[in-house]
Amino acid sequence: MSENHQDYDLVCIGSGPAGQRAAIQAAKLGKRVAVVEKQQIVGGVCIESGTIPSKTFREAVQRGYSRPGLEAHEQFRPRERPTMQQLVGHVERVIERELSVVQENLSRNDIEVIRGRASFVDAHTVLVEGHEGRRRLSVDKVLVAVGTRASDPPSLPPDGRTILTSDHVLDIDNLPRNLAVVGAGVIGIEYASMFASLGVQVTIIDRRPRPLEFVDQEIVDELIHQLRKADVTFRCGEAVEHVEVVKVPQPKGLIQLESGKNIVADVVLYSAGRIGATDELGLEAVGLQADERGRLVVDDHYRTAVESIYAAGDVIGFPALASTSSEQGRLAACHMFGVEAQPMAGHYPIGLYAIPEISMVGDTEEELTRNRVPYETGIAHYKEIARGQILGDNSGMVKLIFHREDGRLLGAHCIGSGATELVHVGQAVLGLGGGLDYFIRTVFNYPTLAEAYKVAAFNAANKLALVRSAIMTQETATAVDA
């Protein structure tokens with residue numbers, strides 16, 4: 001095997017959002033940059049099996065095959081059962097286009113893409129082993145942006161047919177009749193809702209008492225309500241004891257719960273967390289150690305304990321979003337080459353691409369209650385908004401949380417059509433320190449879902465006025481008694 005020497009200012013291990021953005025930022029600063037990618041395609045898990053495929057699959061489900069509404073003229077319309085080939089056909093086309101965009105961006109900035117598996121020799125040397133041999137890269141800085149992989153089931157390895165992880169759920173040949181999802185986190189809920197919209201009978205199993213504990217409880221309650229209307233069964237507070245594949249006569253997954261219950265499904269999707277893909281990096285050679293979930297610890301500038309090595313993206317843990325990973329990569333590149341940059345804004349939106357979709361920014365009621373922050377909420381239902389009627393979405397809602405004393409917006413929470421787009425209005429107002437007065441004075445286009453912000457603000461203002469009136473009445477009565 002051949003062994004070459006090549007010097008770079010920065011080598012990014014991984015070509016996902018964090019690696020891409022860091023590489024491009026460094027290239028814009030005139031640095032010599034390479035990206036090492038072990039997969040056949042650039043873009044990382046985000047493009048290969050994560051964000052882009054799952055969201056494109058969701059779009060295909062919603063546009064052509066989702067469960068019809070309950071309006072009289074649709075009530076008895078026969079359901080078409082699509083094939084997986086029909087559903088994922090658009091996914092493949094979108095992936096191809098995204099790949100070309102990523103490759104063009106890297107090429108335009110003179111960033112070399114090196115195929116192979118990277119591992120550390122020392123803090124300034126990376127060994128890449130690929131089909132073309134071995135290359136030893138001498139580097140100034142390294143960014144670890146390897147992302148994560150799905151956790152495997154503890155009792156049975158995935159077989160790609162009956163037992164799956166989220167990395168391969170879209171590779172199945174046939175749409176199942178029923179699906180068991182182990183894990184009620186973001187990915188599990190997203191896929192559960194998509195398959196339920198296709199008429200698949202879905203059971204969600206999670207040892208926690210409620211799914212999505214970081215989301216506002218009122219929003220989660222609405223999500224659960226809508227999923228139950230789609231015949232989704234929740235088994236919360238239940239732990240899986242054992243999983244096996246049985247033939248009755250076709251292979252099925254048999255799940256035995258610790259409570260003694262048994263669940264049988266055509267497909268079992270194991271979605272109980274992800275693990276940082278750091279096990280092949282040879283971290284011990286540079287004195288670094290990942291935690292039990294394969295994640296690396298970094299400081300406020302995304303630098304590890306080794307001065308020349310940075311890490312960004314999912315591999316450093318929460319929030320593990322494509323959007324935040326991209327910004328982390330950019331900020332890491334700025335810091336490693338001495339360029340001042342403002343830190344990432346604290347109020348970033350979180351989006352769940354379930355059906356219905358959810359998005360939030362800022363604090364939840366539960367967080368504010370724990371911190372003893374006085375607040376009031378305002379709610380607008382899509383059924384009150386003309387655009388909601390036009391879209392046929394009568395169950396969506398926008399919930400705003402305002403500080404009771406000065407009216408500042410503290411949180412915006414949306415569920416329903418366009419929620420992941422709609423939340424950015426709240427994000428902007430929150431970031432600029434605005435609140436109740438802004439929404440009451442502002443005129444929104446009609447008919448739009450954004451009108452829900454004004455309706456929710458008036459709802460909160462009415463509640464606050466009622467509270468203030470009651471307090472003033474009480475204070476007056478106390479003064480008279482005195």
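Me: What should I know before I start?

Reply: The model is predicted, so local features need pLDDT of at least 70 and side-chain atom pairs count only at pLDDT 80 or more, while totals for chains, interfaces and linings use all residues. Residues are numbered from 1 along each chain as its sequence is written, and side-chain values use heavy atoms, leaving out hydrogens and water.

Me: Happy with that. Is Ser 151 buried or exposed?

Reply: Buried means under 20% relative accessible area, exposed over 50%, and partly exposed in between, with a 1.4 Å probe and protein chains only. Ser 151 has 6% relative accessibility, so it counts as buried. You will find Ser 151 in the loop between β7 (148-150) and β8 (163-165); helices (H or I, at least four residues) and strands (E, at least two) are DSSP runs, numbered from the N terminus.

Me: Which polar contact joins the side chain of Ser 151 to another side chain?

Reply: A polar contact is a pair of N or O atoms within 3.5 Å; within protein, one must be able to donate a hydrogen and the other to accept it, and residues adjacent in sequence count only if both atoms are side-chain atoms. Here the side chains of Ser 151 and Arg 293 are joined at 3.2 Å. The Ser 151 side chain also reaches the backbone oxygen of Gly 273 at 3.1 Å.

Me: How do I read two packed helices?

Reply: Use the angle between their axes and the distance between the axes. Axes are lines fitted to C-alpha atoms, for helices over the stretch in contact, and angles run from 0 to 180 degrees between N-to-C directions. Helix α1 (residues 17-28) packs on helix α7 (residues 322-336) at about 35°, with axes 7 Å apart.

Me: Why does the length of α6 agree with expectation?

Reply: The expected span is 1.5 Å times one less than the number of residues. Helix α6 (residues 217-229) has 13 residues and should span 18 Å; its end C-alpha atoms are 18 Å apart, which agrees. At the start of α6, a side-chain oxygen of Asp 216 comes within 3.0 Å of the backbone nitrogen of Glu 218.

Me: And where is a cis peptide bond?

Reply: Look from Val 248 to Pro 249, where omega is near -10°. Pro 249 sits in the loop between β12 (240-247) and β13 (251-257). The bond from Ile 355 to Pro 356 is cis too, with omega near 10°.
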